[in-house]
Amino acid sequence: MSGNKWLWLFLLTVGLGACSPKVQPPAPVVKTETEKKPEIIKDTTKPVAQPPAKTSVVSLILPFALNNLNTGYSSAGLAQANIAIDFYQGFKLGLDSLTSYGYNYELHVFDSQGQTSQSHALAYNSQIRVSDLIVGPIFPEDMKAFASVLPSQRNPIVSPLSAAEPSTIKNQNLITVTPPLQYHAVASAKYATGKIGAKRIFILNSGYSADKEYTNYFKRAVDSLTRKGVQFTELTVSKGNLTAILPKLSATGQNVFFIPATNQQFLLVTLKALDDLSLKYPVTVFGHPNWEKFTFLKADQLQRLKTHITNSDRINYKAVATVTFMKAYRKKYQAEPSEYAIKGFDQAMYFGKLLAGNTTVRMEIEKTGYTGIHNKFKFKWLPGLGWVNTSVDVLTYANYELKRVE
């Protein structure tokens, strides 16, 4: 953890107090002539014509684990604390930016300590319960424990980072910001059957049980979109042997392959076999969204295979909004923003503006989309499970880089 982050932990400790898990809102600050104004980033979307005078109360629940300051952090605990600090800093910068329009916020910060029991206990906190918006906890098990206490909570509970299926949490007021895996499968299925027009799809499995969930989502999506008009040929591939599917390949039309695997050795061998196959047959590959993070995959090979990968949080570092944010963040925190800081900023800008309106977040969330620096939001209501972000892009390789195609 950098010295800058240790400083923030120290400041949070002072704010939280030795026994309290929350940061009390600061007292009003009297500005002087020499005082610097808070760093703000102008919202480019049209603001509410006359910002209401109300103050929106936001509770932020993050795993700072300040109880470990004296005893020391484990490597896992330190990683969690870094995420917490980065997200908090980005979120705070977002709210500060919105105050330039006259919106008012009261931000309360609570420490989940990275423990499920503490998250469960915080659900009984009266200050959290009356908040206009609750953001966190960030880990699936912590959110389950927290949300289980609040089945009839009137105000929204945002799951800011986890891609866990809402069905595993089962709270009608939950807002899942990160699209779960099934929406990646839907995006791949739409592109494969719509843009490419696949009539047969080859599914290459590694044999590991982890592949099954993504495969099932994909097959259901394809069947739903085509009314079961697409044939599937499934093969568990051993040592890159694709001989069994050769009779079914087309020499002229695109042969679409869906590969749900994430195992390194399997992918290296199987993609090499497909690369050899592509010398004789047209090949298009759809892979797992995690492939984008794998440094062992070769961009030139993936490009030859016309590989498509889905993504829900990609940053355009050349965009004006990104450059403006980066400068403001560096100036305020003397640090480079991580992806969690950017996610925090995007969510503060989106939910902060919804809170500032004359209606409730519940009424506006489905009607209001958002394109942020890191994320795009397009929420869908699921009865009994809350709202889920369904915005997923399809990327493919061009000039050895991933480019958005849809």
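Me: How many salt bridges does the structure hold?

Reply: The structure holds 14 salt bridges. This is a predicted model, in which local features need pLDDT of at least 70 and side-chain atom pairs count only at pLDDT 80 or more, while totals for chains, interfaces and linings use all residues. Residues are numbered from 1 along each chain as its sequence is written, and side-chain values use heavy atoms, with hydrogens and water left out.

Me: Why is the contact of aspartate 96 and lysine 92 called a salt bridge?

Reply: The term requires a side-chain nitrogen of Lys or Arg within 4 Å of a carboxyl oxygen of Asp or Glu. The N to O distance for aspartate 96 and lysine 92 is 3.0 Å, so the pair meets the definition. Both residues lie in helix α2 (residues 75-98), four residues apart, about one turn of the helix. Helices here are DSSP runs (H or I, at least four residues), as strands are (E, at least two), numbered from the N terminus.

Me: What makes aspartate 96 buried and lysine 92 partly exposed?

Reply: Buried means under 20% relative accessible area, exposed means over 50%, and partly exposed lies in between (1.4 Å probe, protein chains only). Aspartate 96 has 11% and is therefore buried. Lysine 92, at 25%, is therefore partly exposed.

Me: Which parts of the chain does the pair of arginine 304 and aspartate 275 link?

Reply: Arginine 304 forms a salt bridge with aspartate 275, the closest N and O atoms being 2.6 Å apart. The pair links distant parts of the chain, with arginine 304 in helix α9 (residues 299-304) and aspartate 275 in helix α8, 29 residues apart. Arginine 304 has a relative accessibility of 45% and counts as partly exposed, whereas aspartate 275, at 10%, counts as buried. Elsewhere, salt bridges that share partners join Lys92, Asp96 and Lys332 into one network.

Me: How do you know that strand β11 pairs with strand β16?

Reply: Two strands pair if DSSP finds at least two bridges between them. In β16, valine 394 is the bridge partner of threonine 310. Strand β10 (residues 283-286) runs parallel to β11 and is joined to it by two bridges.

Me: What makes strand β11 mostly covered?

Reply: In β11 (residues 307-311), five of its five residues are buried. Thr307, Ile309 and Asn311 point one way, and His308 and Thr310 the other way.
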